[in-house]
Amino acid sequence: MAQHLEIFSRQMAELADSKREFLEIGRLAGRFPAASARTKSDSDSLEISIWCSNDYLGMGQNPLVLDAMKEAIDTFGAGSGGSRNIGGTNHYHVLLENELADLHGKEEALLFSSGYTANDGALTVLAGRMEGCVVFSDELNHASIIDGLRHSGAEKHIFRHNDVKHLEELIARADPTRPKLIVAESVYSMSGDVAPLADIAEIAQRHGAMTFLDEVHAVGMYGPEGAGIAARLGIADQFTVIMGTLAKGFGTAGGYIAGPAAVVDAVRSFSRAFIFTTSLPPAIAAGALAAVRHLRGSEKERDQLWSNAQLMHGLLREREIPFISDNSHIVSVFVGDEKKCKQASELLLSRHGSYVQAINAPSVRAGEEILRVAPGAVHTATAVREFVEALDQIWKTVDIPRASTSPSSRAVG
């Protein structure tokens, strides 16, 4: 046993400053983005403001969502009681799947316990059960996509990020008789840039390829009724499967796919990630349903989200603080140095009460470390200005390069 422990102790020691630590956070109900926080060295909790939450629209605090969850708990209790096919299918699961299918204009939808398992479970089946399938995947696709494609055993080709010319070159070399699958995200989680979806759809159509589009960081936030980037472009019908999450724009937890009935049924029937796990608690499904229905009829949250994002983009440019993309609400402030990135995060918290997690490898490549800022619909314009002012002070203190001197060719700020 001592030998085994030594192996892991040595590996953790090798991580040194890269070792991941977690800030204990309690989001304050009704006051988000305010939260209480406690570090390992704190005996008392501190009140902070969160600037890196994926609850982009604040739906995790919305009274409609909370009321729906409370009612579901009072009616059905805490858990679902089993997997979907063994006693764990509640009426809220069915209602939510129907709502999501309708949101995306697809025949059916299927819930998973998380976005990760949705990608892993669905792609394992879709790429793995089409004999001879060749997959074409963006190089910056999420780890869950990578794992799903690995588990499928399908032949895979990686095209350079958002490079449709490279995608075209790769797919043109493939045997035209073999099944093909193109996998991409609409909004990329670490860079915040948006995929050229119209070009991808056109290439797929020309080569007879099936498409799988991860809209995790877009559903709820973009498009008519919050249906995503493809819907905003009017081309959602050109993507075979839309994958989304309930944990970001919809403020709860879980993941899903939506697509043709035959495809969804195949995933339902063969996906181990779906079959062999307990289903979402009814209260989570009820809360997600309330969030989806609300955002289908409300533009207020989306308008505020984009207004705050644009304001931050402009303020960062004025101060020459580099960021990677102005395409979305994800404002990835470029640092490019692991130690400085961590120091900047710590100083924002200790001096200004603003929490932004430093992002390092493997979430981004070494040398491309970022502060992944997410100005949400719950932030005020005044708070955005105060945050950027604090960031400007930290930039001076830590001596981080400005946009005019940043070595990153990806920074646009």
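In helix α4, the buried residues are Gly 115, Ala 118, Asn 119, Asp 120, Gly 121, Ala 122, Leu 123, Val 125, Leu 126 and Ala 127. Please keep in mind as you read that this is a predicted model.

**Helix α4**

How many of the 14 residues of α4 are buried? The count is 10, so the helix is largely enclosed by the rest of the structure. Helix α4 covers residues 115–128, and at 1.5 Å a residue it should span 20 Å. Its end C-alpha atoms lie 19 Å apart, which agrees with that expectation. At the start of α4, Ser 114 places a side-chain oxygen within 3.4 Å of the backbone nitrogen of Tyr 116.

**Aromatic pairs**

Let us turn to the rings. The structure holds 3 aromatic pairs. One of them joins Trp 51 and Phe 387: the ring centres are 4.5 Å apart and the planes meet at 20 degrees, so this pair is stacked. The cut-off behind that word is an angle under 30 degrees. Trp 51 sits in the loop between β3 (46–50) and α2 (63–76), while Phe 387 belongs to helix α14 (residues 381–398), so the pair ties together parts that are 336 residues apart in sequence. Trp 51 counts as buried at 2% relative accessibility, and Phe 387 counts as buried at 2% as well.

Another pair is made by Phe 76 and Tyr 92, with 6.0 Å from centre to centre and 90 degrees between the planes, which is edge-to-face. Phe 76 lies in helix α2 and Tyr 92 in helix α3 (residues 91–104), so here the linked parts are 16 residues apart in sequence.

**Around Val 194**

Where is Val 194? You will find this residue in the loop between β7 (180–185) and α7 (197–207). Leaving aside neighbours within four places in sequence, Val 194 is in contact with Asn 162, Ser 186, Val 187, Ile 229 and Asn 327. Val 241 is 47 residues from Val 194 in sequence, and their C-alpha atoms are 18 Å apart in space.

Notes. Residues are numbered from 1 along each chain as its sequence is written. This is a predicted model: local features need pLDDT of at least 70, side-chain atom pairs count only at pLDDT 80 or more; totals for chains, interfaces and linings use all residues. Side-chain values use heavy atoms; hydrogens and water are left out. Helices (H or I, at least four residues) and strands (E, at least two) are DSSP runs, numbered from the N terminus. Contact means heavy atoms within 4.5 Å. Rings of Phe, Tyr and Trp (its six-membered ring) pair if their centres lie within 6.5 Å; planes under 30 degrees apart count as stacked, over 60 as edge-to-face and the rest as tilted. Buried means under 20% relative accessible area, exposed over 50%, partly exposed in between (1.4 Å probe, protein chains only). The expected span of a helix is 1.5 Å times one less than its number of residues. A polar contact is a pair of N or O atoms within 3.5 Å; within protein, one must be able to donate a hydrogen and the other to accept it, and residues adjacent in sequence count only if both atoms are side-chain atoms.
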